[in-house]
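Here is my note on the model, as numbered points. Please read it with the structure open beside you.

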Amino acid sequence: MGEGLLGWKEIKPGCVITEAGNASEYRTGDWRSDRPIWDKSKCVKCGICYIFCPEAAIEEDEEGYFYANLYYCKGCGICATECWTGAITMVEEGKAEDG
Amino acid sequence: MAKRVGMEVSIAAAEAVKQANADVVAAYPITPQTHIVEHISELVADGELDAEFVPVESEHSAMSVCVGASAAGARAFTCTSSQGLILMSEIVWIAASLRLPVVMIVANRSLSGPLSIWNDHSDAMMLRDCGWIQIFAQNGQEVYDGVFNAFRIAEDHRVLLPVMIHMDGFILTHVIESIEVVDQEVVDRYLPPYKPLYRLHPDDPVTMGAFAMPPLYTETQMAQNEALKASYGPILEAWEEWGELTGRHYRPVETYKMEGAEVALITMGSFSETASVAVDEMREEGEAVGLVRIRLWRPFPFEEFRKSIRGIKTLVVVDRAISFGGPGGPVASEIRSALYEEKDRPAVVNFIAGIAGRDVSPDDYKRMIRRAREIAPVLPEAYEIYGVRE
Amino acid sequence: MRERFGVYVPKVVTREEYFAPGHRACQGCGEALAVRLAQKALGRDTIVACATGCMEIVSSPFPYTSWRIPWIHVAFENAAAVASGIEAGLKALMRKGRLPSKRIFCVGMAGDGGTSDIGIQALSGALERGHDFLYICLDNEAYMNTGIQRSSATPFGAATTTSPPGKFSWGQMTWKKNMAEIAAAHDIPYVATACPSYPFDLMEKVRKGAEVHGPAYIHILSPCPTGWRFPPNLSIRVGRLAVETGVFPLYEVVNGKYRLTLDPGELRPVKEYLKVQGRFRHLPDEVIEQIQERVRREYERLLRKTRS
């Protein structure tokens with residue numbers, strides 16, 4: 001919380017924040033100790049992982065498969081637990097291969 | 001053509017809210033404010049005022065509704081007294097920090113306990129530091145005019161702060177005065193519709209009321225304090241324009257018969273009118289006394305005040321509230337603080353009078369001045385509670 | 001048995017994220033998910049008045065905000081009053097021609113503390129006055145943001161920091177206040193219970209509540225890994241167990257008419273729900289039996305209402 005601290009003259013009246021959703025600059029992905037990995041052979045592209053992610057960190061690629069946006073993913077593991085087909089596995093950071 | 005109408009001051013206040021075309025009025029009944037909200041609800045029921053009248057379930061919600069409405073871009077008004085004011089005080093502070101131009105009339109009434117429905121300034125003083133612009137009205141005309149001044153000042157983009165108009169409960173609320181009613185087209189010229197700087201609307205989504213961590217908090221308070229200080233200029237402008245339109249010129253501090261005065265009474269609110277009668281009578285008797293009436297309580301008019309009492313030997317400050325265990329009445333404390341750096345400081349004698357509706361007559365002011373002459377400049381006590389029975 | 005919706009329905013849900021990632025909620029936060037889903041149902045033309053609490057804190061550390069819709073936080077106990085004010089303000093402005101007329105959903109959002117304890121007065125007032133607004137209670141069953149203290153929504157037997165189990169206590173010694181019933185007693189057009197484990201049921205209810213003309217109340221059970229003490233990946237499972245055991249039935253009350261929106265059939269034993277959570281770990285079987293009895297009784301009472 002130390003970056004670019006505002007001076008009093010830069011604060012808008014009432015401390016209003018006019019940049020809607022600017023919290024998206026914050027990398028919650030740094031919190032993670034495990035990351036979700038998709039096995040595309042098992043993924044049926046149902047989208048339930050996307051629905052259940054509290055961070056809205058799961059996105060769809062051009063082929064319709066889902067993946068975690070690692071900038072935000074906190075590694076909670078809900079997606080892996082809820083996946084119908086068991087296509088998602090949680091792998092420890094550092095041990096994970098790209099995917 | 002402006003005309004004079006004899007009406008109860010509360011009714012006049014409600015009529016002003018109507019003429020100011022408020023959009024949302026949220027209020028909870030409390031003596032002695034009730035006539036104001038009752039009349040406003042009649043005006044709304046009859047379609048004379050097109051507003052949402054929100055009969056809230058407590059004063060805390062009254063201010064919360066006003067904050068929500070003002071944040072959405074509506075002109076919002078409420079009024080309360082005493083226990084209602086202290087109950088809503090949490091939100092009163094927040095309204096100022098959110099920089100929302102809510103206007104509130106406070107029908108000043110004593111804070112419990114014991115319970116009292118009668119007038120003094122303890123409720124106002126409890127919110128001295130909250131960040132609102134605060135104006136004390138001396139009479140009914142000032143209350144009526146004050147509503148228009150308040151919205152005009154509050155909604156000015158150089159200000160964007162809520163405004164409180166203090167009027168003495170019963171002494172003003174329940175008294176019939178001859179009020180000069182201002183023509184609607186004059187009001188409309190003076191007070192254009194509210195154009196918020198920021199508002200809650202999906203077309204331009206903003207976040208209001210974020211929380212602040214220690215590294216940022218000081219800066220937010222500085223910003224708010226500077227805004228309140230900077231409102232002084234726009235307040236003077238708003239009053240000047242009102243003076244040109246109506247002939248009634250309001251100033252932060254007013255002097256009365258101060259030429260050649262040695263002793264000056266300092267008062268706020270309806271005290272001032274009675275004190276002026278005492279000053280008239282004493283001047284007839286050859287006494288060199290004068291009166292300084294403080295109208296603008298926040299932001300405090302330091303320079304104007306110091307100017308008004310230059311050369312005076314003794315100030316007799318009459319407070320209408322006690323600061324328990326403190327150095328005196330709130331007004332006297334502020335005045336002493338304002339004069340501390342002055343080379344030739346007057347003696348400041350402080351009386352606390354008129355508590356919870358106890359009458360203060362012109363004779364009382366005369367007695368206070370005579371007593372002040374006895375005890376100044378070597379004051380045995382920092383303050384005296386006037387007329388207390390042992 | 002999982003929810004009745006087909007596996008392909010998630011693809012139809014809007015991809016708009018009105019509750020932006022980058023918020024500071026705990027891993028696996030059921031409440032954050034509830035808010036995210038509710039916002040998808042509400043859409044762009046929504047204004048939210050939020051009480052002090054978990055969601056307010058994680059979403060608005062000045063100068064950052066997770067909100068992509070207009071949002072205001074004022075204090076702890078007045079979400080319903082602020083929402084009333086926004087509704088009244090918009091109504092007046094549109095009627096007086098100062099704003100173009102259009103339906104904008106006014107939403108009051110608060111936690112269980114900000115609803116059933118400190119916020120109940122403002123809520124009751126707003127419901128009685130009939131404002132056209134939706135109130136969403138995000139119930140994680142304690143004052144989680146301040147460190148897991150009990151509220152009147154904390155279930156019997158749960159351990160919290162102000163209702164700790166000890167020699168003379170099982171933890172929370174009172175039964176959960178039924179806020180949905182209190183809301184329904186105000187005779188408002190729409191009341192519902194929801195849980196993010198049943199996302200489409202939740203979204204449908206939020207949409208229904210917003211669209212109804214008049215006050216609507218939705219009570220959303222928000223599983224909290226941190227406060228309920230279970231691993232974050234189990235949030236959805238815990239919510240599902242709450243529904244399947246009858247602890248938190250999913251129903252709606254439309255103009256006074258009760259209807260289960262999900263029939264879990266034969267209720268699973270309450271023990272299955274309690275054992276997954278650290279906050280109930282200290283309970284002996286006799287107390288669990290007490291809880292089971294109460295759940296059964298309450299559920300039967302609800303079923304009778306749905307049949308009348």
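1. What share of the 308 residues of chain C count as buried? The figure is 60%. Buried means that 20 or more other C-beta atoms lie within 10 Å of the residue's own; exposed means 12 or fewer, and partly exposed is in between, with C-beta atoms placed from the backbone. In chain B, 55% of the 390 residues count as buried.

2. Ground rules. This is a predicted model: local features need pLDDT of at least 70, side-chain atom pairs count only at pLDDT 80 or more, and totals for chains, interfaces and linings use all residues. Residues are numbered from 1 along each chain as its sequence is written, while chains are lettered from A and ligands numbered from 1 in the order in which they are written.

3. Chain C overall. Chain C has eleven helices and ten strands. These are DSSP runs, numbered from the N terminus: helices are H or I with at least four residues, strands are E with at least two. The C-alpha trace spans about 65 × 45 × 40 Å along its principal axes. Chain C has a radius of gyration of 19 Å, which agrees with the value near 19 Å for a compact globule of 308 residues. That radius is taken over C-alpha atoms, and the globule rule is 2.2 Å times the number of residues to the power 0.38.

4. Chain B overall. Chain B carries 14 helices and 16 strands. Its C-alpha atoms fill a box of roughly 65 × 55 × 45 Å, taken along the principal axes. A compact globule of 390 residues would have a radius of gyration near 21 Å, and chain B agrees at 21 Å.

5. Sequence range of contacts. Two residues are in contact if their C-beta atoms, placed from the backbone, lie within 7 Å. Take the contacts in chain B with a separation of 6 or more: residues 24 or more positions apart account for 80%. For chain C, among contacts between residues at least 6 apart in sequence, 68% join residues at least 24 apart.

6. The C–B interface. Here 41 residues of chain C are in contact with 39 residues of chain B. On the chain C side, β1 (46–50), β2 (71–73), α3 (79–95) and α5 (120–129) each supply at least two residues. The largest share, 13 residues, comes from α3(C). This side of chain C divides into 22 nonpolar, eleven polar and eight charged residues. Nonpolar covers Ala, Val, Leu, Ile, Met, Phe, Trp, Tyr, Cys and Pro; charged covers Asp, Glu, Lys and Arg; the others, Gly among them, are polar.

7. Strand β9 (residues 207–208) of chain B pairs with β2(C) in the parallel sense, over two bridges. Strands pair if DSSP finds at least two bridges between them. Met208(B) has Ile72(C) as its bridge partner in β2(C).

8. The largest nonpolar core. It holds 262 residues, of which Val24(B), Val67(B) and Val316(B) touch the most other members. α3(C) gives the most to this core, with ten residues. Domain 1 (3–246) and domain 2 (253–385) of chain B each give at least three. The domain bounds come from an automatic or database assignment. A nonpolar core is a set of buried Ala, Val, Leu, Ile, Met, Phe, Trp, Tyr and Cys residues joined through C-beta atoms within 7 Å. Leaving aside neighbours within four places in sequence, Val67(B) is in contact with residues including Ile91(B), Leu98(B), Val74(C) and Val82(C).

9. The C–A interface. The contact takes 32 residues from chain C and 32 residues from chain A. On the chain C side, α1 (30–42) and α9 (235–244) are the elements that give two or more residues. That side divides into 18 nonpolar, nine polar and five charged residues.

10. Backbone points to check. Most residues other than glycine have a negative phi, and most peptide bonds are trans. The bond from Thr31(B) to Pro32(B) is cis, with omega near 5 degrees. Pro32(B) lies in the loop between β2 (24–27) and α2 (34–45) of chain B. Arg298(B) and Pro299(B) are also joined by a cis peptide bond, with omega about -5 degrees. Phe170(B) has a positive phi of about 65 degrees. With 17 C-beta neighbours inside 10 Å, Phe170(B) counts as partly exposed. Asn255(C) has a positive phi near 50 degrees. Asn255(C) has 11 C-beta neighbours inside 10 Å, so it counts as exposed.
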